[in-house]
Amino acid sequence: MAQVITETPGPSSNLPPVRTSIEAAVAVTAASGQSASFDTYPSKDVALVAELTALAGGTSPTVTFSWQHSADGTTWYAAATEAALSAAGVKQRTTRDNLMRYLRVGWATTGTPTTATATFTMQAR
């Protein structure tokens, strides 16, 4: 999984920078799994986007994404679960505050898709 991190200054010197982290073209090769974790420190307010970029094969395939957070990077808790996606090109956006330090995205598939890829974007302030 490719991870790109960019930082841009906040609009005021009193605000922390916006950190954007992208995992691109993640192949969903198992019925369930999760991405690598993102360290969001010192941010607790995060905007999250999951986009299903490809989905094919199987019988009525779907992919459900769930955002998870952790204080230590070991024990994970649900932060948000999205509706099941059944078509490529669909984006899901959510904003969460008071998140723990580490963040990752999990997925679960139904209908045994043969091809599924996704892009995840996180913006933290």
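Accessible areas are computed by the Shrake-Rupley method with a 1.4 Å probe, and for residues only the protein chains shown count as cover. This is a predicted model in which local features need pLDDT of at least 70 and side-chain atom pairs count only at pLDDT 80 or more, whereas totals for chains, interfaces and linings use all residues. Residues are numbered from 1 along each chain as its sequence is written, and side-chain values use heavy atoms, with hydrogens and water left out.

**View 1. The whole protein and its surface.** The protein has 10 strands and zero helices, where helices (H or I, at least four residues) and strands (E, at least two) are DSSP runs numbered from the N terminus. Its accessible surface comes to about 6,600 Å², with 51% belonging to carbon and sulfur atoms. Of its 125 residues, 40% count as buried, that is, under 20% relative accessible area with a 1.4 Å probe and protein chains only.

**View 2. The largest nonpolar core.** This core, a set of buried Ala, Val, Leu, Ile, Met, Phe, Trp, Tyr and Cys residues joined through side-chain atoms within 4.5 Å, has 21 residues, and those with the most contacts inside it are Val 46, Val 63, Phe 65, Trp 67, Leu 103 and Phe 120. Two or more residues come from each of strands E5 (46-56), E6 (62-70), E7 (77-81), E9 (102-110) and E10 (115-124).

**View 3. Strand E5 and its partners.** Strands pair if DSSP finds at least two bridges between them. E5 runs antiparallel to E10, joined by 10 bridges, and Leu 48 stands opposite Met 122 in E10. Seven bridges join E5 to the antiparallel strand E8 (residues 90-96), where Lys 91 is the bridge partner of Glu 51.

Technical notes:
Buried means under 20% relative accessible area, exposed over 50%, partly exposed in between (1.4 Å probe, protein chains only).
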